[in-house]
Amino acid sequence: MAETVVDRLFNQARIRPDAPAYYEKKGGVYQPSSWKTYAEQVKTAGKSLIALGLSPGGTVSILGFNRPEWVIMNLATMAVGGAAAGVYATSSATEIQYIVDHAESPVLLIETAGHWEKVKSQWGNMPKLRHVVVMRGGPSPGDDRVLSWEAFLAKGKDVTDATFDERLHALKPGGLALLIYTSGTTGPPKGVMLSHDNLAWTAEQALKVVPCKPGDSSLSYLPLPHIAEQMFTLHLPISSGASVYFAESIDKVADNLKEVQPTIFLGVPRIWEKMHAGISAKMAEAKGAKKKILAFARRTATEYSAHVCKGQEPPALLRLRHAIATRLVFSKLKPAIGLGRARIFVVGAAPIGKDVLEFFASIDIVVQEVYGQSEDTGPTTFNQPGKIRFGTVGSAFPGVESKIAPDGEILVRGRNVFMGYYKDEEATRESLIDGWLHSGDLGVFDSEGFLNITGRKKEILITAGGKNITPKNIEESIKTHPLVSEAIVIGDRRKYLTALVTLDPDAASAFAKERGITANGSLHESAEIRAAIQKGIDETNANLAKVETVKKFIILPRPLSMEDGELTPTLKVKRRVVNQNWAAQIEAMYQE
């Protein structure tokens, strides 16, 4: 394959110029843009960046929801020798300022009036910033430093194709192509430097485990600053010729899924968990014959999926039962949730409970879990077709070498491992040692090469008694309770472990309705709900060593949120912030 993803884009424009590359909602209808159009848009934007003075090695920051302009600007920056840095659309003014200033971006692409207000308030703290470009339909601030999308594209009219081509042909596989800023769960975000080879090689290898092709499609809706969504929105489709639909907004994802019916679907654990809760609630309403048919279908799918996971041909009788179950149940259920055509299902970015994956297998949806990080361009291990084991994060990604260090840390080596952290040699030296990426995660490989994640190296709790405890498995066990949406185990330098628990709003409301509980919006104070969760924690404790048991817990009055700084945009828990925000409640659990 070609050396860079941008080369592959222009190659797609040559071999299938009129085929759809992406779809965007216009006038209430999804309308396609061809590969030829896509490539022309990237070239036009690249020429405009040259006109604005972007030099090879320069950066452009991008702030906004998933839009064609987002990916066009990203690829255009790459094509002219620069590197784009994505900024999460929900970022605060200071978070935006930090990334734009740290990346030293002279150009920033934004989407909304709210983004402009945040940028304007911090412009004085971003000395390298010269131009703000606004996506189509965005604000018109009347500021000379701000360009509409159309005005931006017009800037490059005097730059020749030869000048653009010279920049494109000068790209080197080892050159900087992309900056991924980490979510900052333990401090300020770091800029992960990914090369053209990192991106192109990883995408090529990914086609072995996510075999997409022309005619396939996906829905782009997860945050594009994250490497997983960039891989599924840009690099995999461009490498394979598959199409991308852009979701209208995060609130419209469920509707867009049903409309698009993609063949490939990527979801973070919380997306799959919410689907699980919604489908389970609907299933619980089944009565009589429908209930029996549903039970038959789920038993059949569970058996059938077990063979699929092992790469085995199901027996003839099981195939017949599966065909009947599909006709009676799954042919209706899957389209109802937007997965009627889907054949590839992926979950990543955070841990997911084994029970959730087993539930989806019981409705004929086998989800492949991937594990990795920005520092290795996304994948370290992958539950691959015909080699899937729920409860693990799969076996080694093709071409990637992984091993466990003496202290239990997962180490990674391969062409997907990053160049280092932008302007942070010390952090780079700590993470890259003798060619091995030190992931910061703890794990163990089983006898068949499947990796189990046991925790985070930096999140180990050391109790007052000196015992080292990894909270992840305890939290995952507590979260298997249907009423619990999140669990955070506390206990560092404490006499015993406690937990903060948040309720799943839908499950808690249904629980209360069934039992006639009226709590006036304060279900976290319900004695019956507390008793139900206590029972679940008791079951968790029964499988733990005494020092690992959770002695007390408190139900928080609201879910954790990005707005309060407790979750990253990919819904990972920021433990430090949670500890700060709920310090009084934590201390109360340790008062004798």
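Me: How do the axes of helix H12 and helix H13 come together, and at what angle do they cross?

Reply: A note on the source: this is a predicted model, where local features need pLDDT of at least 70, side-chain atom pairs count only at pLDDT 80 or more, and totals for chains, interfaces and linings use all residues. Residues are numbered from 1 along each chain as its sequence is written, and side-chain values use heavy atoms, with hydrogens and water left out. Helices (H or I, at least four residues) and strands (E, at least two) are DSSP runs, numbered from the N terminus. Axes are lines fitted to C-alpha atoms, for helices over the stretch in contact, and angles run from 0 to 180 degrees between N-to-C directions. Now the case: the axes of H12 (residues 288-309) and H13 (residues 316-336) come within 9 Å and cross at roughly 130°. That makes H12 oblique to H13. The cut-offs: under 35 degrees is roughly parallel, over 145 roughly antiparallel, 65 to 115 roughly perpendicular, and the rest oblique.

Me: Is the crossing of H12 and H13 left-handed or right-handed?

Reply: A crossing is left-handed if the near helix is turned anticlockwise from the far one by less than a right angle, and right-handed if clockwise. The crossing of H12 and H13 is left-handed.

Me: Which residues of H12 and H13 meet?

Reply: Contact means heavy atoms within 4.5 Å. On the H12 side, the list includes Ile293, Phe296, Arg299 and Tyr304. On the H13 side, it includes Leu318, Arg321, Ala325 and Leu328. The residues of this H12-H13 contact divide into 12 nonpolar, three polar and five charged. For these classes, Ala, Val, Leu, Ile, Met, Phe, Trp, Tyr, Cys and Pro count as nonpolar, Asp, Glu, Lys and Arg as charged, and the others, Gly among them, as polar.

Me: At what angle do helix H8 and helix H9 cross?

Reply: The axes of H8 (residues 196-206) and H9 (residues 227-240) come within 9 Å and cross at roughly 75°. That makes H8 roughly perpendicular to H9. H8 contributes Leu199, Thr202, Ala203 and Ala206, and H9 contributes Ile227, Met231, His235, Leu236 and Ser239. The residues of the contact of H8 with H9 are six nonpolar, three polar and no charged.

Me: What is the order of the strands in the open sheet of eight?

Reply: Strands of a sheet pair through backbone hydrogen bonds, either parallel or antiparallel. Two strands count as paired if DSSP finds at least two bridges between them. Here the order is S7-S6-S5-S3-S4-S8-S9-S19, and the pairing is mixed. The edge strands are S7 (146-148) and S19 (420-421), and each pairs on one side only. Helix H3 (residues 68-79) packs on the sheet, touching S3, S4, S5, S6 and S8. The direction of H3 makes about 170° with that of S3.

Me: Which way do the residues of strand S5 point?

Reply: In a regular strand the side chains alternate between the two faces of the sheet. In S5 (residues 107-110), Val107 and Leu109 point one way and Leu108 and Ile110 the other way, and all are buried. Buried means under 20% relative accessible area, exposed over 50%, partly exposed in between (1.4 Å probe, protein chains only). S3 (residues 59-63) and S5 pair in the parallel sense over three bridges. Ser61 stands opposite Leu108. Four bridges join S5 to S6 (residues 131-134), and these strands run parallel. Leu109 has Val133 as its bridge partner in S6.

Me: How many residues of H16 are buried?

Reply: Seven of the nine residues are buried, so H16 is largely enclosed by the rest of the structure. Among them are Pro471, Ile474 and Ile478, along with Lys472 and Glu475.

Me: Is Glu525 buried or exposed?

Reply: Glu525 is exposed, with a relative accessible area of 59%. Glu525 lies in the loop between H17 (505-515) and H18.
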